[in-house]
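Welcome, and please open your viewer. We will go from stop to stop, with something to select at each one.

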Amino acid sequence: MTASPAPPVPKAATACSEAEMVEIFAKLREPAFRVTQLREFLYRKGVAGYDGVTNLSKTLRKQLAERMPLYELDAAGRQEGDDAAKWLWKARDGALIESVQIRVPGRLTSCLSSQVGCAMGCVFCATGLGGFERNLAAHEIVEQYLQMWGHSGEHSSHVVFMGMGEPLHNYDEVMQAIRTLNAPPPKGCGIGARRITISTVGIVPGILKLAGEQLQLELAVSLHAPDEETRARLIPASRRYPIREVMPAVREFCRKARRMVTFEYVLLAGINDSVAQARELAGLLQDLPCKANLIPFNPVAETPYERPSREAQDAFKAVLDAAQIPTTIRFSKGKSVAAACGQLRRERAPSA
Ligand code: SAH
Ligand code: SF4
């Protein structure tokens, strides 16, 4: 006798379309407006599971949990720091995903992952070191936001795609997730587009496509070097998209989207932190509506890189200040919880 195949695991509510949800509710002899009630609650309140969806009866919640679980990601770990909480999620296929809630006075930001691993291979990045596993589906991205809210009880007003992965390398799913994050309830979380930041390593076709979207998203471009040679050394994938192609694409984004861009620059001692390199960077950014965000390197085991001294960081910033480029040095948010993206996952899955 052959064993009968295991029944398929039902889709989670976050993965279902409205029509699919209506069908499931209809089978339970429940009217379509209950779907709206569920979605309103999910997107307005942030819940950790069906127990929290208190506007539906207990019986219905129990029936739903069997036919349509609320979420697909399981909470697999959490680290608390003073200014950040880092979460580890396990997807249905066992993939591990990280997200972080970052606190600055008056603001809580959800930092989301867009992929499991990353194909860009940046030599200083914990995620890059592990290689690429797969893209995240839109609902796995939205779930990170909803579940951090549900589990912590704290609502993030802002979203940044600065977790694991390159968001523009998973363009369609990321955009679908952004539409859900942006849409007002009951269709989504109602986060204003200006409160959503995509951080990209500089995928030129993605930047150009983004420029054409009717969305006022924030764009951050990880530059990390003012010259092609240093950049290619730090970001192997950037050989396909050299600075001479990235800058015109960014210019086009600023023009079409009428937005200012942020350039991110990880400061690595002795590699890209000299005053001469700061001058070259200032020249590159001179006539663009932009800001610079300097990120002192967060040490990653297995890499030879070091964070520059405070003096070197300040000297670099002073050059940009003198060129009147608004510049901030990012305090290492969540340093206490191993903030550099991909680190928590690597601790858990050393083979990743
Ligand atoms: N893939 C996208 C978004 C995720 S990384 C990108 O690269 O832009 C978000 C930011 O964190 C990037 O600017 C990245 O260069 C930076 N980063 C990665 N590892 C880091 C580390 N160890 N220390 C400091 N910043 C790091
Ligand atoms: Fe990927 Fe960004 Fe890490 Fe580079 S820094 S490997 S693009 S996640």
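In which strand does S199 lie? Select S199 and you will land in strand β8. Before going further, note that this is a predicted model, in which local features need pLDDT of at least 70, side-chain atom pairs count only at pLDDT 80 or more, and totals for chains, interfaces and linings use all residues. Residues are numbered from 1 along each chain as its sequence is written, chains are lettered from A and ligands numbered from 1 in the order in which they are written, and side-chain values use heavy atoms, with hydrogens and water left out. Helices (H or I, at least four residues) and strands (E, at least two) are DSSP runs, numbered from the N terminus.

**Stop 1: S199**

Is S199 buried or exposed? S199 counts as buried because its relative accessibility is 9%. Here buried means under 20% relative accessible area, exposed over 50%, and partly exposed in between (1.4 Å probe, protein chains only). Now show the side chain of E264: the side chain of S199 makes a polar contact with it, at 2.7 Å. A polar contact is a pair of N or O atoms within 3.5 Å; within protein, one must be able to donate a hydrogen and the other to accept it, and residues adjacent in sequence count only if both atoms are side-chain atoms. Leaving aside neighbours within four places in sequence, S199 is in contact (heavy atoms within 4.5 Å) with residues including F161, M162, P167 and A220.

**Stop 2: ligand 1**

Next, select ligand 1. Around it are 20 residues, of which G165, S199, S222, H224 and N298 come nearest; a residue belongs here if one of its heavy atoms lies within 4 Å.

- From a nitrogen atom of ligand 1 to an N or O atom in the side chain of E166: 3.3 Å.
- From an oxygen atom of ligand 1 to an N or O atom in the side chain of E264: 3.4 Å.
- From a nitrogen atom of ligand 1 to a backbone N or O atom of N298: 2.9 Å.

Taken alone, ligand 1 exposes 530 Å², and the protein buries 94% of that (Shrake-Rupley method, 1.4 Å probe). Colour β8 (196–200) and β10 (261–267), the elements that give two or more residues to the shell around ligand 1.

**Stop 3: ligand 2**

Which residues surround ligand 2? Select C118, M120, G121, C122, C125, G128, G165 and V201 to see them. This shell divides into 5 nonpolar, 3 polar and no charged residues. Ala, Val, Leu, Ile, Met, Phe, Trp, Tyr, Cys and Pro count as nonpolar, Asp, Glu, Lys and Arg as charged, and the others, Gly among them, as polar.

**Stop 4: helix α1**

Now move to residues 18–27, helix α1, where the buried residues are M21, I24 and F25. Seen down the axis of α1, these fall within an arc of 100°, so they line one face of the helix; the arc is that of the directions from the helix axis to the C-beta atoms. Turn to the other side of α1 and you will find A19 and K27 exposed. The buried residues of α1 pack against α2 (33–45) and α3 (58–67).

Pick out M21, buried at 1% relative accessibility. Not counting residues up to four places away in sequence, M21 touches A13, C16, V35, L38, R39 and M68. Finally, step past the helix to R29, which follows α1 and has a positive phi, near 55°.
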